[in-house]
Amino acid sequence: MSAPTLVTVGEIRAAADRLRGSIMRTPLIPAPWADPGRPLFIKPESLQVIGAFKVRGALNAIGRIDDGLRQRGVVAYSSGNHAQAVAYAAARFGIDAHIVMPEETPRVKVARTRSHGARVVLCGAGQREVVAAQLVEDTGATLVPPFDHPDVIAGQGTIGLEIAEDMPDVRTVLVPVSGGGLASGIGTAIRALCPDAQIFGVEPELAADTAEGLRRGSRVSMPIEDRNRTIADGLRSEPSELTFAHLQQVLTDVLTVSEDEIRSAVAELAVQARLVSEPSGAVALAAYRRHRTPAGKTVMILSGGNIEPALLAQIVAESPTVGVDQGDGHGATPTRAV
C-alpha cells in the first residue's frame, strides 16, 4: 500500500484564503503568570463562533465539495465540536446536515449542534462511523470526517499559519491530539515556516494511543471503554492512517498528562486567563506545567471551550490552586501582547 499523500503548506495557504472573513483570526494572548524562561502565549480557539477550532476544517471541507453534490447535504460523526462545526458550516451553505453523536456526549454540545438546524442521531459507544456510513447511503449526502481528510487537515492548519505569521520566533508549540487533524495541520505549517520550533502533541494518560504508536512506529488501538475514561471527551479518538503519517513527520514528541492535571489546567485558564476551556482544550497547559519544555516562546492551543457549566463550576471550586499564582512566573512583568 502506498504512503498517504501529505497536506502541504500551499494547501493550508489556499484554505486560509478560502476561510478569510468566515472565521476569527484568534490572537496570541500572553500569560504573564507563567515561567519567564518559557514565555507562554495562549491561542484561544474557544473564541470561534462554535466554541472550537473545528469550524476551520468544516468550512474548508464543505467549501471544497462540488456545488451539485453539496446540495445533497453532509453527514458527520463527532463527540461534539466537529458536530457543531459541520452543523454551523452546513447552515452557512444552506444545506442539510445529519450528525451522529455518541450517547455520552455532553448535553451542551448536543443542544448547540441542534441549534444550527442539524439533525442529530445519537448512537452507542464505538458505533458512530457505522451509523454515519448508513446515513450516507440513505441520504446521498457527503461524509465530512472529523480529521481523516486533507481538506479538514488544511483548514485546521490555518492555525499554524497564523502562529507563524504572528510569532515567527516561536520556540515550542503545544497541541492537543486525538484523531490528529489539528496537530497534523498545525505541525505542517509550523515545520514549513518555523523550522527551528519544536511541536509537541498532548494526550491524556488514559487515551495515550498516539504516544504509544509513535514510540512503536505504527498505529496502536485502545479499547473505546479505556479511552472513554478520560474527562477530555474530545480526545477519545485515534489517528487515521492519513493523520498518523502526518504526525510521524511533524511532531517532536507526544506528552501525556493526568486527569488531575487536566482539571487543574481548566481551573487555571478560568481564573488566571479568564478563558473558559473544556478539558480537551486545557491539556496543552497541563503539559506546559508538567513537562520541562524548551526555553523560549511557547504557544499553547486552547482548542475548545464547550464545557458543561456545572462541570466548570465544580472544577474551579475543587481546584487547590484557585486564586494562587502558579509556576516560576510568579510576580513576573506582564508580557507584551502579540
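**Exercise 1.** How far apart do the C-alpha centres of domain 1 and domain 2 lie?

*Solution.* The model under study is predicted. Begin with the division of the protein chain: domain 1 covers 9-53 + 149-318, and domain 2 covers 54-143. Next, take the C-alpha centres of the two domains; 22 Å lies between them.

**Exercise 2.** Determine how many residues each domain brings to the contact, and how much area is buried between domain 1 and domain 2.

*Solution.* First, count the residues on each side: domain 1 supplies 31 residues and domain 2 supplies 24 residues. Then turn to the area buried between domain 1 and domain 2, which is about 2,400 Å². Finally, assign that area to atom types: 51% of it comes from carbon and sulfur atoms.

**Exercise 3.** Identify the polar and charged pairings across the interface of domain 1 and domain 2.

*Solution.* Start with the salt bridges, of which three are found across this interface. Continue with polar contacts: 17 residue pairs are found across the interface of domain 1 and domain 2, with both residues at pLDDT 80 or more.

**Exercise 4.** Which elements give two or more residues to the side of domain 1 that touches domain 2?

*Solution.* The elements that meet this condition are helix 1 (9-19) and helix 7 (150-166). Helix 7 gives the most, with eight residues.

**Exercise 5.** Describe how the side chains of Arg56 and Glu45 meet.

*Solution.* Consider the N to O distance between the two side chains, which is 2.8 Å. A salt bridge requires such a pair to lie within 4 Å, and Arg56 and Glu45 therefore form a salt bridge.

Terms used: Residues are numbered from 1 along each chain as its sequence is written. This is a predicted model: local features need pLDDT of at least 70, side-chain atom pairs count only at pLDDT 80 or more; totals for chains, interfaces and linings use all residues. Side-chain values use heavy atoms; hydrogens and water are left out. Domain bounds come from an automatic or database domain assignment. Contact means heavy atoms within 4.5 Å. Buried area is the accessible area (1.4 Å probe) that two parts lose on being put together, summed over both. A polar contact is a pair of N or O atoms within 3.5 Å; within protein, one must be able to donate a hydrogen and the other to accept it, and residues adjacent in sequence count only if both atoms are side-chain atoms. Helices (H or I, at least four residues) and strands (E, at least two) are DSSP runs, numbered from the N terminus.
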